[in-house]
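Please keep the sequence and the structure in view while reading.

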Amino acid sequence: MQSSKLPGHGLTTPLEGTGLRPWDPDAPIAAPLCLLQTTVAPRWVDYNGHMSESCYLRVFGDNSDAFFRCIGIDEAYRGAGHSLYTVQTQLHNLREVSEGEPIRLTLQLLDCDDKRLHIFHAMFHGASGDLLATGEQMLVHVDMQAGRSVPMPPDMHHRVQAIRAAHAALPRPAQAGQPIGIRRKIG
C-alpha cells in the first residue's frame, strides 16, 4: 500500500499494518499535530467504570510513539542504538471517559533543543470535543549503548525544528508547567 498525503499535518497516512507515518517535508504541519484517534478499550476501564489513570499515560505514550515515528524514531532507529527517553511526566485528569467512547489526541511541541523535547498532549472526547486530560513530558535523546544523552542527528533535529516553528504561534496550554501541591487559602 502506498502512502497518500493528508492535508494539514506534515505527515502521510499510515503504511498498512505498521502505524508508521513517514515524514513528508512538502506537506504543511498541523498546529497542533493530531496523530491518534481511538476508542476507550474495555481493558482500560477500572472499577469506577471509567478510564483508569494508568491508561491515560498509556494512551499518551501511544501518541508519543506516533510522534516519534513522524520524526524518524522507529524500530530500525532504536535498533541502531538511539531513542528518546522520558525523564518527566505530569498528567491532568479533567473529565471521565467510559468504555467504547471515542477519543482524539493532539500533540504540541512546546520547546526543544538539540537533545531535549518538551511535548504536550491533549485528549479530547471524539464526539463532544470536551478536553478530558492532558499530559506533559520532557524527553531526552539518548545513545542507549553509552547510557547518556546525545544530540539528535541533523535530519531529525531539522524535522523537530520545523514542527516547533509550526507550533510557535499556539497559545501555551493552561496546564503546562503547573506545579503539583495542595493549594491553601491564607487568612
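**Overview of the predicted model**

The protein has three helices and six strands; helices (H or I, at least four residues) and strands (E, at least two) are DSSP runs, numbered from the N terminus. Read along the sequence, these elements follow the pattern β-α-α-β-β-β-β-β-α. This is a predicted model, in which local features need pLDDT of at least 70 and side-chain atom pairs count only at pLDDT 80 or more, while totals for chains, interfaces and linings use all residues. Residues are numbered from 1 along each chain as its sequence is written, and side-chain values use heavy atoms, with hydrogens and water left out.

- The average pLDDT of the protein is 88, and 88% of the residues score at least 70; pLDDT is the predictor's confidence in each residue, from 0 to 100.
- Over residues 1-20, pLDDT stays under 50, and the model has 46 contacts beyond four places in sequence for them; a contact means heavy atoms within 4.5 Å.
- Of the 187 residues in the protein, 42% are buried; buried means under 20% relative accessible area, exposed over 50%, and partly exposed in between (1.4 Å probe, protein chains only).
- The accessible surface of the protein comes to about 10300 Å², and carbon and sulfur atoms account for 51% of it; accessible areas come from the Shrake-Rupley method with a 1.4 Å probe, and for residues only the protein chains shown count as cover.
- Among contacts between residues at least 6 apart in sequence, 63% join residues at least 24 apart.

**Nonpolar cores**

- The largest nonpolar core has 21 residues, of which Phe67, Ile71, Leu117 and Ile163 touch the most other members; such a core is a set of buried Ala, Val, Leu, Ile, Met, Phe, Trp, Tyr and Cys residues joined through side-chain atoms within 4.5 Å.
- Two or more residues of this core come from each of strand S1 (33-39), helix H1 (53-71), strand S3 (102-112), strand S4 (116-125) and helix H3 (154-167).
- Helix H1 gives the largest share of this core, five residues.
- Apart from this core lies another, of 15 residues, including Met51, Phe60, Val97 and Met123.
- Leaving aside residues up to four places away in sequence, Ile71 touches Leu84, Leu117, Met156, Arg159, Val160 and Ile163.

**Strand S5 and its partners**

- Strand S5 (residues 131-143) is largely enclosed by the rest of the structure, because eleven of its 13 residues are buried.
- S5 runs antiparallel to strand S2 (residues 82-93), to which eleven bridges join it; two strands pair if DSSP finds at least two bridges between them.
- Leu84 has His141 in S5 as its bridge partner.
- S4 also pairs with S5 in the antiparallel sense, over nine bridges, and His118 stands opposite Met138 in S5.
- S4 and S5 form a hairpin with five residues between them, and Gly129 in the turn has a positive phi of about 80 degrees.
- Strand S6 (residues 148-149) runs antiparallel to S5 and is joined to S5 by two bridges, with Arg148 in S6 as the bridge partner of Asp143.
- S5 and S6 form a hairpin with four residues between them, and Gly147 in the turn has a positive phi of about 70 degrees.
- In a regular strand the side chains alternate between the two faces of the sheet.

**Salt bridges**

- Side chains of opposite charge can pair when their charged atoms come close.
- The structure holds five salt bridges; a salt bridge is a side-chain nitrogen of Lys or Arg within 4 Å of a carboxyl oxygen of Asp or Glu.
- One of them joins Arg116 and Asp113 (2.4 Å, N to O); Arg116 is partly exposed at a relative accessible area of 45%, and Asp113 is partly exposed at 22%.
- Glu75 forms a salt bridge with Arg78, with the closest N and O atoms 3.5 Å apart.
- Because Glu75 and Arg78 are three residues apart in helix H2 (residues 75-79), about one helical turn separates them.
- Glu75 counts as partly exposed at 47% relative accessibility, and Arg78 counts as partly exposed at 31%.
- Asp155 and Arg159 meet in a salt bridge through their side chains (3.6 Å, N to O); both lie in helix H3, four residues apart, about one turn of the helix.
- Asp155 is partly exposed, with a relative accessible area of 43%, whereas Arg159 is buried, with 18%.
- Salt bridges that share partners join Arg69, Glu75 and Arg78 into one network.
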